[in-house]
Amino acid sequence: MAGWVAIVLLVAHPVQAQTAVDLTVDEARALATRAMLADEPALALQIAQTLLSQNPDDRTALVIVAAAAPRLGDPATGRQAGARAWRLSDTDDQKYEAARLTALAAANEERFTLSTFWLRRALTVAPNAAERARTTQDARAVTRRNPWSSQFSISLVPSSNVNGGAEDATSTAPGNPTGTLSEDALALSGWRGSLSFGTQYRIQEAERSRTLVGLQYQSSRVRITEETTVPDEAFDTTYYEVNIRHDRILENGSLSLRATRGTYEYRDLNLRAGTTEFQKFDIRRIGLDRQIPLSDRSALSLSATREWLDYLAPGIGEVDRRIFGTGLSYQLESRDRISGNFTLVDSDGESVNYTSQERTISLAYAWAEPIGPISLSAGGGFKWSDYPDYRLLLPVDGGRQDTTSFIFMNIGFPEIEYAGFSPGLRIDASQADSNVSRFDRTTLAIGLTINSTF
């Protein structure tokens, strides 16, 4: 049997300011819904609050409050009602409705991170592709308004060479006696799991400039899958940094200035004792990036970076690095994009083994449209490294020279998504040839990645 509720309605009458009517609960819900559809949120909110005073778990009334309160300048009440409506929802359609209303109320409060969370919840119960696309578009709009921006990714990669080891146990180098490499210096197969999280806060924004401060955390853990006495933790690494960046739009392109302070932690293996010792080096970095459009389809990029690495391990000391890069990208008529890059790294270390010059050239191609069910980009290149005064037991005659060829492929699955996260595959293969055999190595890694779509 339907319950009854007494509704006191405010009316615009010069003599009688309000009137009371008796309605069934269903009639009151219907009246509140019609009021919302008629663009009368104050009346709808009044009826819904009366219903909730008698039954705090009236989901329909909560939904009406979630929709009406933000329009009347009270988004916090709307958000709280929407969250409670989600908890009381029985079907995916009901949850989708509640999640979107809660997200909208949170956005009106300028709680953009919370709004994004509720939009991700809405994506898990979206009724069809059109609604998923609509909610994803809304999430991207909220992300653009949010002074906080965060990125999160994880990967799990099987690799034929998780430690960057050599292919052969025999150690040869010009000017040095032939020897045998230790077990940890040989290529070991296994799995590498990686976690990356970054967050930035926009502390200043104007029409043609913005300034951001951020934190970055990356960790990598290894599990060796072949028989060895080398412990897994010997190749674990952790990196964290704090950074600041200023971007400015110029008459022709853009200019960015950046500064970073970070720490890279790793393990130093004592193979005889079977133990690892904590080591680290600190990083200070300043840089400049310049983007110059050459036409509607092409752009030139230039970068210059100065970097100082301060090693805790004895015998290494400080490394001063100067990094210069340039790139050119071009968009084809198909909207596919082709890009090429050249990078020069000049390192001057207190240790001769950390003094080097590296040159890298690479080419990449990204398809604009999916190929069947996948999105695709691929590329490759070469790196030449020269260590003029490298030494092992004795100085290496003519120094150490490495030549590395590499290829990569990124495969995405845009049709597979959950809560705004989509899987992908990253394939990397490289082969290094060196006159110091310790650095002859071949690596193949195929990894699963999880990335946010907004």
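A crossing of two helices is left-handed if the near helix is turned anticlockwise from the far one by less than a right angle, and right-handed if clockwise. The model is predicted, and local features need pLDDT of at least 70, while side-chain atom pairs count only at pLDDT 80 or more and totals for chains, interfaces and linings use all residues. Residues are numbered from 1 along each chain as its sequence is written, and side-chain values use heavy atoms, without hydrogens or water.

Helices are DSSP runs (H or I, at least four residues) numbered from the N terminus. H2 (residues 41-54) passes H3 (residues 59-68) in a left-handed crossing. The two pack at an angle of about 145°, with axes 9 Å apart; axes are lines fitted to C-alpha atoms over the stretch in contact, and angles run from 0 to 180 degrees between N-to-C directions. Contact (heavy atoms within 4.5 Å) involves residues including Leu45 and Leu52 of H2 and Leu62 and Val65 of H3.

The axes of H4 and H5 come within 8 Å and cross at roughly 160°. H4 is therefore roughly antiparallel to H5 (angle over 145 degrees). This crossing of H4 and H5 is also left-handed. Among the contributing residues are Gly78, Gly82 and Trp86 of H4 and Ala98, Thr102 and Ala105 of H5.

Buried residues of H5 include Tyr96, Arg100 and Leu101 (under 20% relative accessible area, 1.4 Å probe, protein chains only). The buried residues of H5 pack against H3, H4, H6 and H7. Just after H5, glutamate 110 takes a positive phi of about 65°.

Methods:
Buried means under 20% relative accessible area, exposed over 50%, partly exposed in between (1.4 Å probe, protein chains only). Angles under 35 degrees count as roughly parallel, over 145 as roughly antiparallel, 65 to 115 as roughly perpendicular and the rest as oblique.
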